[in-house]
Structures are given as C-alpha cells and as structure tokens.
Amino acid sequence: MEKELYAQSIMLRRQLEGIKAKLQGIEVSRKLRAAGYEIPWELLAGLMNVLEMDAIDHWSEYDFPEEDYVVFQEVFQTEEAVFEFYNEFRRLILYSAAYQASEVPIESELVEELYKDWERMVTNVTSGNVQAMEALLRVDSDRGQWSRGEQDLMSKGEPYLTKVIRHYDFARDE
C-alpha cells in the first residue's frame, strides 16, 4: 500500500510539473503580448511539450560528487525547496528563450525583470555560499546527465540569458 501511495505521489508530481510548464508558457506569452511583442508559438509549444514529459525525478539518478551532495542537502533542506528551485529555474530559462525568439531588447523592462528574478533565485539558493555556487556550476557543466527536455530548453534559453546577465552585471558594476 505504501509503495502504491508513493508511486501515485510521484505521478501526481510529474503531472503538476507538466501543468506548470504549460502555465509558464501561457504566462510568458501573456507578458509578451501585453508588451507588444510577437509570441513565438512554435518555440513555446515545442518546449512546453518536451518539458511536460520531463520530470524532476530523473535527478534522483544523477551522479552527484559526494561533496556536492552534502552541499545540496544543506541548501535544499526540504523536498519543496528542491521543487521550487527546479521550477523557477525552468521558468526563467523558458522566459529567456521566448524573449530571444521575440527579439525583446536587453534594455527592456521585461528583460530587467528576468535578470532580477534570476539574481533573486541564485541568491536564495546560494546565499553567498561559494561552495553552493561551485556545486551548481559543476552540475551545469555536466549536462550530459540532464534530461533531453532540459538540454533543449538550455540550448534555446541560455545564450540570451548569458547576454542579459553580462549586460546587467556590467551596468551594476559601473
């Protein structure tokens, strides 16, 4: 009975993640429309479909180095904290991909908000902890273990997000 309940909870979690991916796609399209930009329907539909099939549970099979595993246990003290980070990370990369496809200028309010949300997420997770940042960067550099959907999402969203971060970090440092 306990195994059945656990399996059901995993299935529900996967369904919720799929629904969140779709809602995030709708949310970004509403923001783009409200700001007067063309909505990249084909890109969003493709990413939402791939992300709907993806789920966080594949990360349980990820081969974390022991020191990173310890750091992540400190950073993500509850399962809910892991899910919040995972979904926020995917949301921000999805926004980045959509903004790039819609040719939203880096100096726009939409992109500035994206940057602030990204900074807030990174700060919340790392809290200035260098070990946490290094562990996240090691996971980022090992994308061969990531799911196909996450790899797809990153290939579409990361180039623009990198430009955004460089732009606003440079502006902040001046």
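View 1. The protein chain has 7 helices and 0 strands; helices (H or I, at least four residues) and strands (E, at least two) are DSSP runs, numbered from the N terminus. This is a predicted model: local features need pLDDT of at least 70, side-chain atom pairs count only at pLDDT 80 or more, and totals for chains, interfaces and linings use all residues. Residues are numbered from 1 along each chain as its sequence is written, and side-chain values use heavy atoms, with hydrogens and water left out. The chain averages a pLDDT of 87 (the predictor's confidence in each residue, from 0 to 100). Mean confidence is lowest in α1, at 79, and highest in α5, at 94.

**View 2. The largest nonpolar core.** A nonpolar core is a set of buried Ala, Val, Leu, Ile, Met, Phe, Trp, Tyr and Cys residues joined through side-chain atoms within 4.5 Å. Buried means under 20% relative accessible area, exposed over 50%, partly exposed in between (1.4 Å probe, protein chains only). The largest core holds 46 residues; Leu32, Tyr99, Val111 and Trp118 touch the most other members. Each of α1, α2, α3, α4, α5, α6 and α7 supplies at least two residues. Helix α4 gives the most, with 10.

**View 3. Around Tyr99.** Leaving aside residues up to four places away in sequence, Tyr99 touches Val28, Lys31, Leu32, Val104, Leu110, Val111, Leu114 and Tyr160. Contact here means heavy atoms within 4.5 Å.

**View 4. A salt-bridge network.** Glu27, Glu88, Arg91, Asp117 and Arg120 are linked by salt bridges. A salt bridge is a side-chain nitrogen of Lys or Arg within 4 Å of a carboxyl oxygen of Asp or Glu. Glu88 pairs with Arg91, the closest N and O atoms being 2.8 Å apart. Both lie in helix α4, 3 residues apart, about one turn of the helix. Glu88 counts as partly exposed because its relative accessibility is 23%. Arg91 has 12%, so Arg91 counts as buried. Arg91 also bridges to Asp117, with the closest N and O atoms 3.1 Å apart. Arg91 lies in α4 and Asp117 in α5, so the pair ties together parts that are 26 residues apart in sequence. Both Arg91 and Asp117 are buried.

**View 5. The Arg143–Asp140 pair.** Arg143 forms a salt bridge with Asp140; the closest N and O atoms are 2.5 Å apart. Asp140 counts as partly exposed, because its relative accessibility is 25%.
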